[in-house]
Each structure stands twice: as C-alpha cells, then as structure tokens.
Amino acid sequence: MLLACKNITKSFGDVTILDQVSFHINEREKAAIVGINGAGKSTLLKIIMKELSSDAGEVITAKGATIGYLSQHQDLSSERTVYEEMLSVKADLLQTEARIRETELEMKECAGEALEALLREYTSLTHAFEVQNGYAYKSEVVGVLKGLGFSEDDFQKQICTLSGGQKTRIALGRLLLTSPDLIMLDEPTNHLDMASIAWLETYLLNYPGAVLIVAHDRYFLDRVVTKVVELDGTKARTFSGNYSAYAVKKEQQRETLIQHYLNQQREIKHQEEVIAKLRSFNREKSIKRAESREKMLDKIERIEKPTEIQSKMRIRLEPRIMSGNDVLTVTGLSKSFGSQTLFTDLSFDIKRGEKVAIIGKNGTGKTTILKIINGLLPADTGEIRPGAKVHIAYYDQEHQVLHAEKTLFDELQDTYPHMDNTAIRNALAAFLFTGDDVFKRISDLSGGERGRVSLAKLMLSDANLLILDEPTNHLDIVSKEILEDAVNAYEGTVLYVSHDRYFINKTATRILDLTEQTLLNYPGNYDYYLEKKELTERLYLEGIGYGMDGKGGGVSQAVSAASGSAASAVSGVLAPSASFSGNSGITDTKLDWQKQKEEQARLRKRQNDLKKIEEEIERLEKHMEELDTALSDPDIASDHTKLTELSKEREEIEEKLEKLMEQWEELAE
C-alpha cells in the first residue's frame with residue numbers, strides 16, 4: 001500500500017465537507033476521485049499534500065514514497081526558456097553527466113593508483129547515469145514537451161511570456177519527468193487539446209508508479225483508471241473499474257437504496273397503522289402491544305431519503321419555429337491573422353436535426369469558425385448562407401448574458417414572459433435547479449451553475465440552430481450529463497466546438513475535424529471518428545479528397561459504406577437467435593403472469609380474512625359492552641345464577657377477542 005486516508009474529516013465553519021473519508025492507493029494503481037463541484041475533491045488532495053490540515057483522521061504514506069502533485073492553478077514566473085525549465089528537473093543527472101566528462105579528461109592526465117581510483121569512480125558514475133536513463137533524458141524531455149502540445153519553436157520561449165494554460169502544461173511536464181511513486185493530478189486535462197490528452201492517457205497507462213486523478217473528463221477516466229473513489233454528501237465510497245463501470249454500479253446502488261428507502265417507508269406506515277388499530281381496540285393488552293410496537297419502531301435505524309438526481313429531461317426542448325431542411329451552407333471559407341493562416345477554402349453544410357461537433361488541436365481556428373458564422377469576426381474569403389427560417393443562438397462561456405442581481409426564476413421569466421411558473425420550474429429542473437434553488441441570485445452561482453442557466457435560456461429561445469463554444473467547460477460530471485440529455489432531446493440543430501470526448505461521443509451525429517487547414521468529415525460519433533481517423537487521413541493525403549467538405553461524398557462515402565456492410569453482416573447473424581429468444585420470452589411471461597395472479601389471489605384472501613376478523617372483533621366488543629351494562633344492573637347483581645352465567649360468557653368473549661387480536665396481528669404482518 002502506497003497511500004491510505006483514514007477517517008479524514010474537514011469542515012469550513014459550520015459546513016462539513018469531508019466526514020470520515022477513508023480509501024487507499026496501492027503501488028502502480030490508477031485511481032480517480034469524482035464528485036460534484038464542492039464535494040471536497042481538491043480539498044482532499046491538499047490535505048494529503050499537507051497544504052491543508054484535517055480536523056480529524058490521518059494520512060499514511062509508505063516509508064520513503066515520493067508524491068508529485070499538480071494543482072489546478074500554476075503561477076510559474078521563471079526567466080528560463082521552456083526547454084531549460086524542463087531540463088532543470090534533471091539537475092542531478094546533469095551534474096552526474098558533467099562529472100563523467102570531467103573524469104574522462106582527468107584520466108588522460110593520470111596513471112597508477114590515481115587512474116584506478118578515477119576508473120572506479122567513472123564506472124560508478126556511468127552505471128548510475130544509465131540506471132537513471134541518462135542516455136535518453138534529452139529525448140525524454142523533448143517527448144514530454146511535444147506530447148503536451150509544445151512545438152520545437154516553443155522550446156526557446158521564456159516561461160514568463162507563456163499563458164496560464166501553457167504554464168500549467170509546463171508544470172505537468174515537470175512533474176511527469178520527476179517520476180514520483182505517486183502522481184496526483186487535479187484536473188490535468190483542462191488546458192490540453194485532444195492530441196495531448198490522448199498522449200497523457202498513454203503515458204499514465206504505461207507509468208510504472210501509481211496515479212490519483214481528480215477530473216471531469218469521463219473519456220479520460222475510462223481509459224486510465226481502474227478504481228473510482230466517489231465523494232458524495234461528505235462521505236467516500238470506493239468502486240472498482242473505470243468511470244463507466246462506476247456509473248453503472250452507482251446507478252444500481254442508487255436504485256437499491258431507493259428501493260430500501262421505499263420499503264422501509266411502507267413498513268413504517270404499516271406499523272403506524274397497526275399501532276393505531278391496536279390502540280383503537282382500547283383494551284389493556286392491545287394497548288400494551290401497541291406500546292411494544294412503538295418502542296420497536298423507535299429503534300429502527302431510519303434510511304435517509306436519497307438525494308434527487310435529475311437523470312431524465314422533464315421537458316421537450318423543441319424550437320418554436322422549425323427551420324428548413326438546409327440549415328447552414330458554408331463555402332470557400334478562409335481566415336488568417338497576419339502571417340498565420342488558420343484555414344483555407346473550408347466548405348460544409350448542416351441539415352436540420354444534426355448535432356455536429358468541430359474538433360481539432362488548440363489554435364487551429366475552431367472557435368474562429370463559430371465567430372465568423374455568428375458575424376463576430378469577418379472572413380477573408382467565403383460565404384455563409386443560413387437556410388429558410390433559421391434563427392441562430394450562440395453560447396460563449398466567456399460572454400454569458402445574465403443579470404447578476406436577478407434570481408434564476410426571474411431571469412427566465414423576464415426573458416420568456418409567455419412561460420407559466422410550472423414551465424419555468426420544469427425548464428430549470430431540467431438543468432438541475434430544483435426547489436428553492438430557483439430563487440438563488442445569479443451573483444451567488446458558481447461558474448458552472450451560470451453556464452447551466454445560460455444553456456437553459458439558450459435552449460428555450462426561438463433559436464433553432466444552437467452554436468456552442470466549449471459548453472462543458474467548468475461543468476461537473478452531473479451537469480455534463482444534464483447537458484447531454486438536453487442536447488439529445490433538443491429537436492433543433494446544434495453546431496458546437498468541444499474537446500470533451502465523452503460529451504462528443506454521447507451527442508454528435510457528425511464530426512468535422514479541423515486539421516491541416518481543412519475539414520475532414522466523419523458521419524458518426526467520437527468512437528466512429530477514432531475507428532476511421534487513420535483511413536480518412538490516409539485517403540486525404542493520397543488525394544482522394546472530395547469527402548472533406550462535409551457533404552458526405554468521397555472519403556466519407558467510402559467510410560460509411562464500409563461500416564454499413566459490417567452492420568448488415570452483424571444484423572444477419574443476430575436475426576435467427578433473436579426469434580429463438582422470443583419463444584422463451586413468451587413462456588417466461590406466461591409463468592410470471594401465473595405467479596402474479598396467484599399472489600394477487602393470496603393478498604385478496606388475506607385482506608378478506610382481516611376484514612372478517614375486524615368485523616368479528618367489533619361485534620364481540622359491542623356484545624362485551626352489552627354484558628358490562630347488564631352486569632352493572634342491580635337486579636342482575638342480586639341474581640347469583642344470572643350473574644355467574646353472564647360473567648362466564650364475558651370471560652369466553654375475552655378469550656375469543658384475545659385470540660382474534662393475535663390472528664389479526666399475524667395477518668397484518
């Protein structure tokens with residue numbers, strides 16, 4: 001075991017963030033910490049690194065183990081170049097190399113014992129140098145820099161001139177080169193493009209040490225981790241497997257917990273009804289039984305009601321105005337900034353109902369395309385033609401049009417006065433704002449929450465073409481799932497730029513890859529893109545390039561045809577087995593129906609028996625009251641024979657009532 005957290009507890013003021021959180025990381029294990037924003041993920045990493053103290057609990061690390069940590073925000077201000085900064089990690093190795101060169105020179109001037117001593121030192125130094133991979137350190141540094149998206153032209157740039165995202169990538173590269181026993185990364189993919197994320201995935205998969213990651217990139221987690229630690233409601237739970245396996249198990253656990261909660265609530269209600277009935281019998285023994293049941297009920301450990309998760313859309317996101325089939329046609333689009341050409345002669349079209357993702361490396365011009373379409377930037381050449389009845393709405397994370405002083409409810413109501421209160425609440429609930437959340441002020445929301453409000457406004461607008469620039473930025477995993485549901489349920493057309501591969505995979509019906517200053521067309525989701533990427537790029541480079549304009553010809557047709565024939569083959573194989581399983585299903589259904597009928601009959605009989613017993617108890621109690629009235633009559637009290645007879649009858653009724661109540665209690669259970 002490399003790292004263990006035992007009963008970590010942390011509060012800020014009156015708010016408990018972590019409560020007795022426990023988990024462990026083994027050697028070479030790849031694990032993730034997941035949870036909604038504010039669950040305490042970054043806080044936990046800081047406690048492990050002793051940057052924050054816990055209120056209770058302890059962090060245990062293996063003796064001599066080294067831990068490397070990358071926080072979300074880096075503030076490097078070195079005067080060194082990019083290459084020098086990375087090379088500084090290898091300072092010990094550089095000193096060893098320098099000493100090797102020195103001993104080589106000294107050996108030329110020595111003889112005898114001095115030479116033998118230098119030879120021994122030289123042998124020791126070269127061995128240590130080799131063990132530390134010294135002969136490959138330059139290629140290792142270059143490999144990490146290029147893997148993280150730096151070109152050789154960037155190597156001589158000073159650190160102090162870099163952007164915040166570039167500095168974070170340098171910090172990540174430095175950390176990887178130190179090769180600690182445990183790497184802890186807080187949102188490592190935030191400033192990486194798809195190619196760099198794919199490189200980091202491979203690097204971490206092959207890393208000989210352990211890795212602990214906080215990330216919202218579900219595709220990344222699926223590829224890298226084999227264990228998930230979930231922080232939910234201040235508690236921690238550990239799941240084996242990658243993110244998708246965790247999501248399935250989490251949903252199964254949640255359904256089980258909900259079922260247990262509902263079963264317990266039914267049992268509590270039933271016991272309360274039994275207690276009320278026993279008390280209504282108003283007899284000493286029945287009241288004692290009721291009190292006994294009340295004590296048992298008080299001792300039950302109540303299951304807390306599981307928190308609501310909005311997993312399905314409550315509203316249909318349908319544009320008020322339907323566009324024509326041809327939504328957008330772009331022809332001959334080119335754009336340069338000074339001497340830097342982003343793209344030339346781009347052409348593509350978008351049809352109604354499509355969900356089209358534009359992907360590509362950072363700096364290739366993806367956002368620029370969206371801004372040109374929205375009229376925020378002029379194109380150098382080209383034409384953009386919206387189709388009939390097309391209304392465009394643009395989502396840019398940096399320019400959300402929200403009023404800080406308004407509540408969420410007012411923000412939507414003022415924008416869409418035709419919507420009634422229920423419709424507004426349903427719209428906000430679809431984006432995870434329920435109950436009193438709708439009365440929060442915009443100014444009190446987190447960046448991710450504001451993003452969700454902006455998306456809600458956008459999808460309720462008259463627009464039928466949504467253009468989204470990095471819509472999943474700053475959203476936690478639950479919010480991303482809500483957005484995925486919203487995009488999939490939206491009956492208009494969506495064009496978006498994103499580096500979130502999981503989101504693309506769940507929502508895209510087509511992908512346009514901006515590469516080599518042109519667009520390559522992939523008629524499918526991200527998995528399809530990965531499958532066909534190598535073939536498509538090879539065909540493009542060989543000059544079979546008509547399919548690059550996004551219109552479905554050439555390369556795209558060849559790719560689609562290949563996948564189509566495969567699909568036909570699969571369906572042909574599956575057809576016979578499908579009909580066989582259908583016959584089995586009929587038999588199973590019949591058996592289930594018979595069992596259901598038998599159970600219904602059993603329940604009806606029990607209810608009838610209960611009713612009969614209750615009626616008999618009521619009849620006997622009335623007769624008991626009549627006997628009590630008679631026994632208190634002075635005339636009967638003086639008649640010894642009559643008194644004995646009535647008293648005996650009363651005792652017999654008492655015994656009958658006792659037995660009936662026992663039968664009623666058994667049947668009531």
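Tutor: A residue counts as buried when its relative accessible area is under 20%. Please bear in mind that this is a predicted model.

Student: Is Y137 buried or exposed?

Tutor: Y137 has a relative accessible area of 4%, so it is buried. F129 is also classed as buried, because its relative accessibility is 3%.

Student: How many aromatic pairs are there?

Tutor: The count is 13 aromatic pairs. In one of them, the ring centres of F129 and Y137 are 6.5 Å apart and the planes meet at 80°, so the arrangement is edge-to-face. Y243 and Y502 also pair edge-to-face, at 6.1 Å between centres and 90° between planes.

Student: Where in the chain do Y243 and Y502 lie?

Tutor: Y243 belongs to helix α9 (residues 243-281) and Y502 to helix α16 (residues 501-507), so that distant parts of the chain, 259 residues apart, are linked. Both Y243 and Y502 are buried.

Student: Changing topic, what is the strand order in the open sheet?

Tutor: The order is β11-β10-β13, with antiparallel pairing. From one strand to the next, the twist averages 10°.

Student: How many bridges join β10 to β13?

Tutor: There are 5 bridges between β10 (residues 326-337) and β13. T381 in β13 is the bridge partner of S334.

Student: Which helix lies across these strands?

Tutor: Helix α11 (residues 366-373) lies across β10, β11 and β13, at about 60° to β11.

Definitions and conventions. Residues numbered from 1 in each chain as written. Predicted model: local features only at pLDDT ≥ 70, side-chain atom pairs only at ≥ 80, totals over all residues. Heavy atoms only, no water. Pairing = 2+ DSSP bridges. Helix = DSSP H or I, 4+ residues; strand = E, 2+ residues; numbered from the N terminus. Axes fitted to C-alpha atoms, helices over the stretch in contact; angles between N-to-C directions. Contact = heavy atoms within 4.5 Å. Phe/Tyr/Trp six-rings, centres within 6.5 Å; stacked < 30°, edge-to-face > 60°. Buried < 20%, exposed > 50% of the residue type's maximum accessible area, 1.4 Å probe, protein only.
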